Amino acid sequence: MQTVTRETLLDKASALLASGEVSRVLGWKKGEFAYDVTPAVFESAEEMEKDFVYDIFSGANFSKYLIKETAKEGKVLVFLKPCDSYSFNQLLTEHRFDREKVYAIGIPCDGMMDASTVKALAPEGLVSAERDGDNLVIHTLYDGDKILPYADNLPDRCRHCKSKKVVAYDEMLGENGDVVDSHRFDEVAELEAMSEDARFAFWQNELSRCIRCNACRDVCPACTCEKCVFDNPKSGVENKAISDSYEEKMFHIIRAFHVAGRCTDCGECSRVCPQNIPLHLLNRKFIYDIDRNYGDYMAGAEEGSRAPLVNYKTEDPEAADVLERGDK
Amino acid sequence: MKFSYFPGCTLKTKAKQLDVYARKCAEVLGITLEEIPAWQCCGGVFNASRDEIASKLSAVRALSAARDAGQPLVSVCSACHNVIKQTNAAMQDDGEFASHVNHYLTQPGQGQAEPYYGETEVYHYLELLRDVVGFDKVKAAVKHPLTGKKIGAYYGCLLLRPSGVMAMDDPENPQILEDFIRAIGGEPVIYAMRNECCGGYMTLEDKALAAKKSTAVLDNASVNGADLLVTACPLCKYNLDKNGKNDLPVVYFTELLAEALGIKE
Amino acid sequence: MQVNESNIVANEEFRPKIVAFCCNWCSYAGADLAGNNRLAYPADIKIIRVPCSCRVNPMFILRAFQRGADGVILCGCHPGDCHYTSGNYYTRRRMAMLFSMLNYLGIEKERTRVEWVSAAEGAKFAATMQDFAEKVKALGPNKRLEDLRCKQ
Amino acid sequence: MEKNKTAALREQILRASGVNPKKCMRCGKCSGTCPAYDEMEYHPHQFVYMVETGNIEPLLHSESVYKCLSCFACVERCPRGVEPAKLIEALCAAVTRPQGANHMTPDDIPALLDEDLPQQAIVSALRKYMK
Amino acid sequence: MQRIGVFVCWCGSNIAATVDVHAVAEAAKLEPGVVFSTDYQYMCSQAGQNMIIDAVKEHKLTGLVICSCSPRMHEATFRKTAANAGINPYMVEIANIREQCSWVHKDMPTGTEKAIILAKAAIAKVHLNTPLTPGESKVTKRALVIGGGIAGIQTALDIADAGYPVDIVEKEPTIGGKMAQLDKTFPTLDCAACILTPKMVDAAQNENIRIISYAKVEEVGGFVGNFHVKIRKKARFVNEDVCTGCGLCTEKCPQKKVPNAFNLNMDNHRAIYIPFAQAVPKVAVIDPDYCNMLKNGKCGVCAKVCTAGAIDYKQEDQIIEEDYGAIVAATGYNPISVEKFDEFAYSQSKDVITSLEFERLTNAAGPTAGKLLRPSDGEHPHTIVFVQCVGSRCASCAGKGKEYCSKICCMYTAKHAMLVRDKYPDTEVYVFYIDVRTPGKNFDEFYRRAVEEYGVHYIKGMVGKVTPENGKLKVQASDLLADRQLHIDADLVVLAAAIEPDKSARPLATMLTASMDTNDFFTEAHPKLRPVESPTAGIFLSGACQGPKDIPETVSQASAAAAKVIGLLSKNTLKGNPCVAQSDELMCNGCSSCANVCPYGAITYVNKEFRMPDRTTKVRRVASVNPAVCQGCGACTVACPSGAMDLNGFKNNQIMAEVDAICK
């Protein structure tokens with residue numbers, strides 16, 4: 001049950017803006033369509049009153065924006081859903097922004113919709129969608145309202161939510177949840193169980209759709225490099241467009257490796273992918289491998305924790321043993 | 001504070017004093033003991049064999065009853081405490097064992113709905129005095145301090161070992177009973193045999209061995225100046241009294257506690 | 001290929017291209033020892049010297065596959081013997097993760113390997129290279145990770 | 001006993017006890033600490049060594065398995081965490097488990113009773129010595 | 001564009017027999033940038049080197065590729081050649097066409113083909129080489145030794161004898177350490193004090209040595225050659241320069257009940273005391289926890305009796321700051337607390353003692369003036385049981401014992417047993433052992449003498465329980481060889497407690513960025529080849545702080561550490577390895593991944609101001625590599641997500657160029 005409403009957040013933010021405690025608010029803003037909610041920076045209560053939204057499409061993770069926003073004068077108010085708070089901690093661990101310049105409000109979450117999920121449920125004449133208790137109500141132009149169970153129709157990242165616990169905040173609104181087990185590695189395990197050929201075919205099919213729009217990278221809260229290796233001519237992997245079947249594989253392997261041990265499994269990459277490539281399955285593979293071989297580790301669960309790929313144990317398994325395990 | 005109480009068979013029969021005083025003292029010290037309904041014998045001894053399941057079922061039943069009541073479990077008899085605590089640890093750590101037990105206990109007719117994974121906190125009565133009530137508070141409640149009494153603490157094996165699981169005190173240099181003795185105004189006598197076996201389990205099988213071991217304990221205690229031994233174990237008490245060739249009296253710690261608190265009849 | 005044609009073996013059979021990254025202190029010295037002892041292994045293996053196995057960036061390995069390598073092997077000091085005390089422990093994690101990922105994407109796992117070879121293990125070096133080359137050869141050319149534009 | 005039968009029994013005992021006899025460094029502290037040492041034909045360190053080497057047969061026929069007081073002193077004091085008492089209990093269970101092999105039966109009890117004997121003595125004796 | 005010269009060596013027939021060297025040289029000519037290529041019989045010979053020098057001059061070469069034997073063999077040679085020819089030595093690359101080509105491939109065509117590819121890879125790499133200059137830093141010619149036991153004393157003496165000033169920081173009021181507490185030493189049985197105290201005096205009198213006693217290191221900054229250290233010297237309430245060490249105050253002080261730590265609290269001294277007769281510096285010290293004057297202002301006896309006027313109740317801690325070129329850790333060891341092993345009844349009976357206490361009991365300067373008397377009743381013990389491995393080789397007792405072998409106990413126990421039997425032949429001595437470990441010169445002979453000549457009863461087995469009863473210690477133990485349980489009524493039980501690093505070592509290691517193992521022993525740079533150096537440059541290890549050691553081993557390691565320090569201090573400047581990591585600040589995220597993997601602590605972070613394209617400035621946290629500390633492993637380059645970190649000499653683009661050349 002969502003105990004926190006738009007009004008709760010609005011009141012809170014307006015008060016903090018009015019008192020001068022914060023100068024800006026990172027929040028969600030109405031888009032062209034009802035399901036096009038986008039992240040935005042608000043500087044006054046009036047702006048917020050006008051454009052701020054908090055509904056089932058308020059899924060965007062704001063943590064990454066803090067790098068830029070904290071570089072400015074004054075404090076930033078940010079709303080952190082559980083998964084956002086992991087990214088928040090991870091960025092703090094990597095010294096990416098000044099904690100002192102943020103006022104973080106934790107908000108509980110039991111799953112957010114995204115535009116493509118709802119569009120898939122109502123391909124024709126989608127107007128808007130909202131939540132009514134345990135149901136998702138989709139308003140359409142031609143077929144009237146569609147009513148579906150909310151929880152069952154969540155996008156993958158929320159169905160396989162790793163945690164309903166906000167792990168970093170100055171103030172918590174509503175009741176904080178717990179770390180949950182939602183079988184997020186099941187799909188990875190299924191892929192692992194396939195033959196090499198079948199896996200190759202699977203990924204060939206998925207990755208060949210990539211158009212190298214870089215949306216996954218740009219949204220990723222772990223991809224915050226001052227200059228990305230893919231934009232750097234000196235790196236030897238710089239290449240903006242795809243021109244060969246190899247390219248997208250290279251891009252996605254390197255991207256996944258760069259965030260391995262740092263990825264908080266927030267699922268933004270898959271959410272924003274215009275080609276619906278299940279990119280989270282690459283990141284989860286690393287997380288799964290790390291958990292099985294080096295002990296459970298959740299990036300961002302604890303600020304200051306040492307990421308598994310910049311750490312070691314003398315009794316770590318050999319690469320060959322890790323490969324055996326992944327290939328059942 | 002409320003606790004689920006597991007008295008155990010012996011306390012209902014041969015060691016009634018242990019039970020009766022435990023309850024009365026708890027009342028005085030502000031602890032509510034709620035006897036677990038329809039408890040069964042703990043099994044008497046924890047069989048270290050991981051594939052031995054039947055004899056541990058009753059302990060699991062008691063533990064899950066406490067869990068369902070949302071209360072920690074407390075026992076007084078060392079043997080019961082040892083069995084229950086070890087069983088609890090096995091349910092926590094030994095997945096294979098736990099799944100066997102749960103598989104059996106959650107069958108229809110076994111009366112248990114939820115599988116149990118060692119969620120219950122297990123206290124010995126002494127730990128209750130130390131960690132929940134506090135020996136300071138015990139001391140404050142004492143009406144008739146046992147001043148001048150030189151008392152030897154007899155731990156035996158079951159309270160302390162295996163220390164990794166029992167985690168009551170340092171297994172080689174325990175303090176809890178000594179602190180208890182001080183709290184009730186007595187003077188503890190430290191003697192090395194306090195954590196050595198009295199041979200109690202052999203009392204049926206090999207009387208001579210039981211006699212030898214218990215005599216060694218008693219002798220060592222009296223040579224070091226003890227006038228009296230306290231214990232938490234009915235089997236030890238029986239064995240020391242019956243088989244030990246030394247007249248040193250052995251009493252339950254709850255009895256002394258009752259005496260000090262002025263509620264002994 | 002621009003070489004004296006008379007010296008080139010005209011060979012129809014598939015000959016794999018294999019890149020071996022060797023750390024300077026143990027494995028490169030182990031390779032030298034294999035040479036000192038004249039222990040033969042296939043010429044398909046070409047060694048690149050790095051100061052420590054932990055210098056090997058996954059990008060190098062992907063680059064090799066992109067450019068047409070059929071197998072990549074990485075050799076370092078035995079765990080615990082690293083010249084830099086801990087470099088190979090990082091290598092072990094990184095390569096375990098990378099190779100597991102490549103395999104997850106359907107790249108044959110025999111194309112990648114990590115092997116610890118000390119400066120004294122010339123024989124092990126030669127035997128490892130022999131074995132690795134045979135396994136890669138059996139798999140045939142790498143098609144799954146190559147970049148066609150890089151082929152001449 | 002046949003070779004593979006012994007091996008299977010050894011395996012069962014190691015599994016049931018959770019003991020790894022290979023951890024033993026032969027210091028003898030278990031036997032130095034054992035209160036029932038003099039009553040035993042085979043002593044705690046020998047139990048460990050004999051199970052390790054598969055020489056289990058003599059242990060099965062020895063009264064020693066019943067002499068362990070389950071006081072766990074050897075478990076507590078072993079510097080290597082071998083836990084000999086657990087091994088002995090697993091052996092004892094392996095001996096008494098086959099039908100009719102109970103070391104003690106309820107029929108034996110009355111003769112041993114006296115009026116102060118606590119229940120737990122009987123219960124535990126039966127638990128220890130019979131299936 | 002580089003102008004590259006390629007030089008193919010025949011190595012007599014070593015290469016030329018299976019590689020067509022001429023074909024290699026010809027093939028190289030066709031590579032871009034190669035302006036000269038040749039082959040020669042022995043490139044490493046003087047003639048070969050001259051040929052290279054001439055070619056550099058004639059063809060204005062900027063980069064050299066030598067196709068020859070392993071770089072491990074002659075890279076240094078050809079770098080010098082390059083320098084002689086006037087080009088940067090790091091503009092040389094070697095293609096290993098001998099060990100990794102001609103020697104392992106049988107036929108000429110195969111060998112030639114591979115040699116050409118290796119040459120091309122080297123050419124591709126040298127295209128991207130840049131001139132490198134090793135960084136230079138000044139060396140402060142002063143060493144710091146932390147710990148004034150035999151290890152620290154020996155190291156300091158050796159360094160001082162080589163002419164460099166050394167400071168010893170000792171936490172106790174006197175130097176001497178554990179060895180000063182020992183009675184005799186194995187395997188020669190000479191008295192510890194007789195061999196140690198002259199060295200202590202040497203240290204005190206050596207003009208290059210400054211002893212800073214009753215002090216501890218508080219802060220360490222800097223790096224090899226340039227450490228800056230803050231030392232806190234505790235107030236001893238006695239003016240060190242004035243006190244003559246006459247000891248009158250230590251006899252007149254009315255506070256007599258201060259446990260004597262030097263005698264392991266087996267007797268008492270006064271509130272003002274000198275730890276022992278041969279203490280260095282021989283200066284009194286006041287224990288502020290016991291001194292009546294310091295506690296409540298009532299007394300002042302010591303000040304009254306001191307003719308030198310050395311007492312200063314107002315003395316305060318003093319901070320000493322000093323620069324050093326090298327630091328030696330010599331923090332030593334301590335026996336573990338055996339109270340957790342109370343099956344041996346240490347906390348229950350005064351007659352159960354540790355071996356170190358036994359040393360004091362047999363020492364002529366000890367609490368019993370060297371007579372072996374039971375602490376409980378002062379009687380002579382007639383049966384003594386020694387228990388070995390108390391807490392050593394103990395894997396199960398978490399937090400209680402140590403998994404390692406403490407190494408010295410077998411020998412000192414043999415010594416104790418022998419000394420008892422020698423002085424008191426009427427005493428029965430039992431030693432319970434798991435294994436007797438005596439690897440050392442004359443060690444096994446020594447142990448056998450204890451058994452064969454002195455009649456010590458060595459029993460393979462372990463004590464399970466000690467029960468104090470009626471003034472005796474009832475020892476229950478196993479005799480594994482006789483297959484029986486023994487019961488011995490002993491008068492004294494001596495426990496060979498495991499040893500552990502001093503507690504001060506862990507915080508010190510953090511200050512020094514020196515690594516430690518899980519047991520808190522300092523880690524050496526290489527377990528075999530660099531045993532006295534810490535992986536952190538400029539930090540050296542002496543004595544038991546690196547692992548359990550006896551005196552001869554300690555002294556040899558101490559001298560070895562000194563030799564390393566002298567080698568370092570003898571240089572005016574330090575030339576680093578130029579193949580070190582370098583961070584591109586514009587790309588650095590400041591995320592700390594590189595610092596996390598750096599084994600040397602070479603990476604620090606600075607807040608740096610950047611001018612942005614829109615003319616604003618922005619302050620960012622960026623990594624900065626100290627080239628004097630970096631050893632060039634490259635771990636950081638892969639940990640860095642943005643690719644800001646690169647390694648000189650093995651740059652990303654250089655290695656990728658090699659990859660490309662090989663895979664072409």
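Trainee: So which domains is chain E divided into?
Mentor: Chain E is divided into domain 1 (4-127), domain 2 (143-232 + 317-330 + 511-569), domain 3 (248-305), domain 4 (333-500) and domain 5 (581-648). Those bounds come from an automatic or database domain assignment. Keep in mind that this is a predicted model: local features need pLDDT of at least 70, side-chain atom pairs count only at pLDDT 80 or more, and totals for chains, interfaces and linings use all residues. Residues are numbered from 1 along each chain as its sequence is written, while chains are lettered from A and ligands numbered from 1 in the order in which they are written.
Trainee: How far apart are the C-alpha centres of domain 1 and domain 5 of chain E?
Mentor: They lie 35 Å apart.
Trainee: What about α11 of chain E, buried or exposed?
Mentor: Eight of the eight residues of that helix (residues 355-362) are buried, so α11 of chain E is largely enclosed by the rest of the structure. Buried means 20 or more other C-beta atoms within 10 Å of the residue's own, exposed means 12 or fewer, and partly exposed is in between, with C-beta atoms placed from the backbone. Among the buried residues are E:Phe358, E:Arg360 and E:Leu361. Helices (H or I, at least four residues) and strands (E, at least two) are DSSP runs, numbered from the N terminus.
Trainee: And what covers the buried residues of α11(E)?
Mentor: The cover includes β19 (333-335), β20 (352-354), α12 (409-423) and β27 (492-497) of chain E.
Trainee: Switching to the chain pairs, which chains share the most contacts?
Mentor: Chains C and E, of the six pairs of chains in contact. A contact means C-beta atoms, placed from the backbone, within 7 Å.
Trainee: Which pairs do not touch?
Mentor: Chain B and chain C are one such pair, with nearest C-alpha atoms 28 Å apart. Chain A and chain D don't touch either, and their nearest C-alpha atoms are 18 Å apart.
Trainee: How many residues do chain E and chain D put into their contact?
Mentor: Chain E gives 18 residues and chain D gives 16 residues. On the chain E side, β24 (463-469) and β25 (472-479) each supply at least two residues.
Trainee: Last topic: what is the secondary structure of chain B?
Mentor: Chain B has 12 helices and eight strands. Of its 265 residues, 57% count as buried, and the C-alpha trace of chain B spans about 55 × 45 × 30 Å along its principal axes.

Note on methods: Two residues are in contact if their C-beta atoms, placed from the backbone, lie within 7 Å.
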